[in-house]
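Me: I'd like a close look at one spot in this protein, and then at how that spot compares with its surroundings. Could you walk me through it?

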Amino acid sequence: MSELSMTSTHPATAWLVGATPPALVAAALLVAFLLLRGRLALALAFAQSRRATARQRRDGSCPDLALVWTPTTIDPGRAVAICAGAVVVVATVLSLIAPIFLSLALSAPLAAALIWALLGAAESRYIARIDRDLTAAVGRLSALLKSGSGFRTAVERVLADLPTGPLRDEWGYLLTRQGTNLASGGIATPQQVVAALAEQTASARQATLLSHLSVAVGQPQDVLARRCEAAYAAIQASDRRREEAVTELAQMRYSGVAVGLSGIAMATYLTITQWERVLAAYSTPLGVIVGAVVIFALALPIIGGAMLARADDVDY
């Protein structure tokens, strides 16, 4: 007869006693997120705005209030729902090996860290989508300008062919903000709109392109066409250099993934075969912190390999 059946009158349902603390933690966090979801979404939108403001040029210049552009890298409500689910799952797991009050206390920094990581990941995807569509869009713009189309007409025709995405939204800004009444007086010229987007876009490649175009937009048509053609050729060369660098650095990523997965597999095997010792070692408050450090150390080769394998080239 097992120890559980010797000390409990109803061993078949005794697991419900141990499941009570995790259930209370999950219920408390779900109620908190449901009550605060509106404020959390506003806070997340404000955080996106702050990240966009931080990307402006380091010389301290700020665009006119009428030209402020805040890209929505991820819907705030969706981000809050994802983070709520992740925090509830993590805190519930922690409550199995740690006191309930410690699990609740750790939920706040966990939520903040997850939201910040989610913002970073969403911004990276946003930039990748812009860079993916940028080369073809610039080539189309260059061809239209060489054929004699004006800048606004060329952008309108490019937008008509662009798929729905971040680049379409940002180039749409170039059209909708032209002629806007500025807070400082006057109306927004094409040069001002292009320069303002160059300061605020999340993509460094597009910022470089727009910086060149902001100088050329006010010049004669043939100068603008030649500048855009040169930018298109430089972007194509940049893409080729980046692809070559990514190919050469792929081994770094594969090595990091192999080392990381090997460590995780070994740790998983030891956890399964020596569960009692693992539970005793990581069930204390200090053990929870040490466990988090161990998990981060196991994931570090994968993270390092992915970061070192990244390559970019905006030298055009």
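Does V290 count as buried, partly exposed or exposed, and what is its relative accessibility?

Reply: Happy to! One thing to keep in mind is that this is a predicted model. V290 counts as partly exposed, because its relative accessibility is 38%, and the buried class ends under 20% while the exposed class begins over 50%. The residue lies in helix α11, which spans residues 285-308.

Now for the setting. The chain has 11 helices and zero strands, so by the DSSP runs used here its elements are helices. Read from the N terminus on, the order is α-α-α-α-α-α-α-α-α-α-α. Of its 316 residues, 36% count as buried. Among contacts between residues at least 6 apart in sequence, 72% join residues at least 24 apart.

In soluble globular proteins, nonpolar side chains tend to be buried together. Here the largest nonpolar core has 39 residues, and those with the most contacts inside it are L141, W171, Y173, L209 and L213. At least two residues of this core come from each of α4 (100-146), α5 (151-161), α6 (166-176), α7 (190-200), α8 (204-216) and α9 (221-273). Helix α4 gives the largest share, eight residues.

Leaving aside residues up to four places away in sequence, Y173 touches L67, V68, W69, V193, A196, L197 and Q200.

T201 lies in the loop between α7 and α8. With a relative accessible area of 5%, T201 is buried, because that value falls under the 20% cut-off.

Methods
Residues are numbered from 1 along each chain as its sequence is written. This is a predicted model: local features need pLDDT of at least 70, side-chain atom pairs count only at pLDDT 80 or more; totals for chains, interfaces and linings use all residues. Side-chain values use heavy atoms; hydrogens and water are left out. Helices (H or I, at least four residues) and strands (E, at least two) are DSSP runs, numbered from the N terminus. Buried means under 20% relative accessible area, exposed over 50%, partly exposed in between (1.4 Å probe, protein chains only). A nonpolar core is a set of buried Ala, Val, Leu, Ile, Met, Phe, Trp, Tyr and Cys residues joined through side-chain atoms within 4.5 Å. Contact means heavy atoms within 4.5 Å.
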